[in-house]
Amino acid sequence: ETADSDLRRTALDAIHQSALTQSRLVGDLLDVTRASRGTLHVDLRPLDVSRVVQTVVDEMHHAWTITL
């Protein structure tokens, strides 16, 4: 039963990651549509680039380890 539980957990994690990725993709496509229509709102403010890069690296590492 442990193998089934592990497999189920792995499958659910993969489904969750896929749903998040698809959600971001849809958001990006909507942004492209807004940009092409001239209705995209850009919020200009200071940004901690190192924090953003670390977040991306962490997410990519997590996604990579799931696929192994």
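The model is predicted.

A nonpolar patch lies on the surface. L47, V49, V52, V53, V56, V57 and M60 form this patch. Together these residues have about 640 Å² of accessible area. L47 sits in the loop between α1 (2–37) and α2 (49–67). L47 has a relative accessibility of 62% and therefore counts as exposed, the threshold being over 50%. M60 reaches 55% relative accessibility and so counts as exposed.

V57 and R37 are 20 residues apart along the chain. Their C-alpha atoms are separated by 32 Å. M60 and D31 are 29 residues apart along the chain. For this pair, the C-alpha atoms are separated by 22 Å.

The largest pocket holds about 230 Å³ of space. Its lining consists of 14 residues. Q17, R24, E59, M60 and A63 are the closest of these to the pocket centre. The elements that give two or more residues to the lining are α1 and α2. Helix α2 gives the most, with 9 residues.

Side chains of opposite charge can pair when their charged atoms come close. In this model the count comes to 4 salt bridges. Three of them are described here, including two within helix α1.

In one of these, the side chains of R9 and D13 meet, with an N to O distance of 3.9 Å. The cut-off for a salt bridge is within 4 Å, so this pair qualifies. R9 and D13 are 4 residues apart in helix α1, which means that about one helical turn separates them. R9 has 52% relative accessibility and therefore counts as exposed. D13 has a relative accessible area of 30%, so D13 is partly exposed.

Another salt bridge joins the side chains of R34 and D31. Here the N to O distance is 3.0 Å. These residues are 3 apart in helix α1, so they too are separated by about one helical turn. R34 is partly exposed because its relative accessibility is 35%. D31 is partly exposed as well, at 34% relative accessibility. D31 is also the residue whose C-alpha atom is separated by 22 Å from that of M60.

A further salt bridge links the side chains of R45 and D43. Their N to O distance is 3.2 Å. R45 counts as exposed because its relative accessibility is 63%. D43 has a relative accessible area of 48% and is therefore partly exposed.

Definitions and conventions: Residues are numbered from 1 along each chain as its sequence is written. This is a predicted model: local features need pLDDT of at least 70, side-chain atom pairs count only at pLDDT 80 or more; totals for chains, interfaces and linings use all residues. Side-chain values use heavy atoms; hydrogens and water are left out. Patches are made of residues with over 30% relative accessible area and no salt bridge: like charges are joined within 9 Å, nonpolar side chains (Val, Leu, Ile, Met, Phe, Trp, Tyr) within 5 Å. Accessible areas come from the Shrake-Rupley method with a 1.4 Å probe; for residues, only the protein chains shown count as cover. Buried means under 20% relative accessible area, exposed over 50%, partly exposed in between (1.4 Å probe, protein chains only). On a 1 Å grid over the protein atoms alone, a cavity is a set of points where a 1.4 Å probe fits but cannot get out, and a pocket is an open set with protein on both sides within 12 Å along at least five of seven lines; lining residues have an atom within 4 Å of a point. Grid points are joined across faces, edges and corners, and a volume is the space filled by probe spheres set on the points.
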